[in-house]
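Visitor: I'd like to learn how to read the packing in a model like this one. Could you walk me through it?

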Amino acid sequence: MDKLRTFLNSMTPDQQEEFARLCGTTIGYLRKAISAGQQLGESLCINIDRESAGRVRCEELAPGVDWAYLRTTSVREAA
């Protein structure tokens, strides 16, 4: 969650609001989750990874999920 905090802090408040909206949530929810050390849902993790252009990775947000399997599955399907 430290990477997400750092990423959000690098933005203006308006950019934070827009980022959260594109992720399908609110900046308030993200800030609360960060401060509480809350586990984010997989879908939100994917949205954050996508909208941050990989600067905040799913693996960092939810380390207990087998993201490697999903990432290698998409590579195999493309081949």
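Visitor: Which residues does L8 touch, leaving out those up to four places away in sequence?
Guide: Keep in mind that this is a predicted model. With those sequence neighbours set aside, L8 touches Q16, F19, I27, L30, R31 and I34.

Visitor: Which members of the largest nonpolar core touch the most other members?
Guide: That core has 20 residues, and the ones touching the most other members are L4, L8, F19, L30, L40 and I48. At least two core residues come from each of helix 1 (2-9), helix 2 (13-23), helix 3 (27-36), helix 4 (42-51) and helix 5 (58-61). Helix 3 contributes the most, four residues.

Visitor: How should I read a pair of packed helices?
Guide: Two numbers describe such a pair: the angle between the axes and the distance between them. Here, helix 2 and helix 4 pack at about 130°, and their axes are 8 Å apart. The two helices are therefore oblique to each other. The crossing of helix 2 past helix 4 is right-handed.

Visitor: Which residues meet where helix 2 packs on helix 4?
Guide: From helix 2 come F19, L22 and C23, which meet L44, N47, I48, R50 and E51 of helix 4. By type, the residues of this contact are five nonpolar, one polar and two charged.

Visitor: And which residues of helix 4 are buried?
Guide: Those are L44, C45, N47, I48 and D49.

Technical notes
Residues numbered from 1 in each chain as written. Predicted model: local features only at pLDDT ≥ 70, side-chain atom pairs only at ≥ 80, totals over all residues. Heavy atoms only, no water. Core = buried A, V, L, I, M, F, W, Y, C linked by side-chain atoms within 4.5 Å. Buried < 20%, exposed > 50% of the residue type's maximum accessible area, 1.4 Å probe, protein only. Contact = heavy atoms within 4.5 Å. Axes fitted to C-alpha atoms, helices over the stretch in contact; angles between N-to-C directions. Parallel < 35°, antiparallel > 145°, perpendicular 65-115°, else oblique. Left-handed = near helix turned anticlockwise from the far one by under 90°. Nonpolar A, V, L, I, M, F, W, Y, C, P; charged D, E, K, R; others polar.
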